[in-house]
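I opened this entry to keep track of what I looked up. The structure goes in first, my notes after it.

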Amino acid sequence: ARRYGWRAGKVRLVFLLSGVSYYKTAAPPVIDFGTTALTAAEEAFLREFYLQGLAEFAYRNDLELTPLHLRAQRAPDQPSAPPAPRSPRRALVPFGGGIDSIVTVEQVRQQADVALFVVSRPADRFDAIEQPAAVTGLPVVRAEREIDPQLLRSAELGFLNGHVPVTGILSAIAVLAAVLTGRDAVVMSNEWSASIPTLEFGGHPVNHQYSKSEEFEAAFRGVLADQGSGVARLPEYFSWLRDRTELWVGREFAALTRYHG
């Protein structure tokens, strides 16, 4: 982190959001951040990330997470970032190989220099991602993500298990990758319905896709802005498909015949 100077804040975001995978093993009432201080904005963002991002996990495991307390030293608020450009010229597009990310790539490449971004387990390659990625003919920026092997033994070790807001973690990794590769935007492919709760429980909405929602996107953009400084411009973060429906995406993909195989 020290070596990369101002970029350390993006490493820190990956650290803060990745913790959710480990928190879920026991869902304790307190998260103690030790010597890691949080700004007021970060604390508010992380609390919602845990409560909303783990809402389905809590529902499936019959847990009440609302008393969750984040224990952290208070860090000073950061200066605001300079405004990001309205039309980014170098975009990083997280690519999952599905029709959403294919449509995004084909539209964004008409306006920007695009590279794909793929996260996988160490040394893994998946045909469902690699084959359509090859069709794009675009460069691929890769990151490998590995979790503690004990998490894969949840049932054996008596850990709680369930869905975590993994897209939030991947978004933080993508922003870091954009910084390190000189890209000025991370362009997601989360369409309109990702913001719609998948069920309601106890009078509260539960959204399986919270970290793909407009609510998360706005909150994450806010934290990125708070981490900005006058030293360098932050990558923009937004979804190209935010106001689009699955039917619209399907119609656009229907015209992209070179991917149909």
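My notes cover one residue, one helix pair and one further helix.

**Entry 1: Glu 217.** I am working from a predicted model. I looked up Glu 217 and found it in helix H9, residues 214-226. Is Glu 217 buried or exposed? Its relative accessible area is 11%. The cut-off for buried is under 20%, so Glu 217 counts as buried. Next I listed its contacts, leaving aside neighbours within four places in sequence. They are Tyr 237, Phe 238, Ser 239 and Arg 242. I also checked the side chain of Glu 217, which reaches the backbone nitrogen of Ser 239 at 3.4 Å. Then I took the distance to His 204, 13 residues apart from Glu 217 along the chain. Their C-alpha atoms are separated by 20 Å.

**Entry 2: H8 and H9.** I turned to helix H8, residues 166-180, and its pairing with H9. The two axes come within 12 Å and cross at roughly 35°. I noted the crossing as right-handed. Which residues make the contact? H8 gives Gly 168, Ser 171, Ala 172 and Val 175, while H9 gives Phe 216, Phe 220 and Leu 224. I sorted these residues into 5 nonpolar, 2 polar and no charged.

**Entry 3: H6.** In helix H6, residues 127-136, I found Ile 129, Pro 132, Ala 133 and Thr 136 buried. Seen down the axis, they fall within an arc of 110°, so they line one face of H6. Their cover includes helix H5 (99-108) and strand E4 (113-120). On the other side of H6, I noted Asp 127, Gln 131 and Ala 134 as exposed. Gly 137 follows H6, with a positive phi near 75°.

Definitions and conventions
Residues are numbered from 1 along each chain as its sequence is written. This is a predicted model: local features need pLDDT of at least 70, side-chain atom pairs count only at pLDDT 80 or more; totals for chains, interfaces and linings use all residues. Side-chain values use heavy atoms; hydrogens and water are left out. Helices (H or I, at least four residues) and strands (E, at least two) are DSSP runs, numbered from the N terminus. Buried means under 20% relative accessible area, exposed over 50%, partly exposed in between (1.4 Å probe, protein chains only). Contact means heavy atoms within 4.5 Å. A polar contact is a pair of N or O atoms within 3.5 Å; within protein, one must be able to donate a hydrogen and the other to accept it, and residues adjacent in sequence count only if both atoms are side-chain atoms. Axes are lines fitted to C-alpha atoms, for helices over the stretch in contact, and angles run from 0 to 180 degrees between N-to-C directions. A crossing is left-handed if the near helix is turned anticlockwise from the far one by less than a right angle, and right-handed if clockwise. Ala, Val, Leu, Ile, Met, Phe, Trp, Tyr, Cys and Pro count as nonpolar, Asp, Glu, Lys and Arg as charged, and the others, Gly among them, as polar. The arc is that of the directions from the helix axis to the C-beta atoms.
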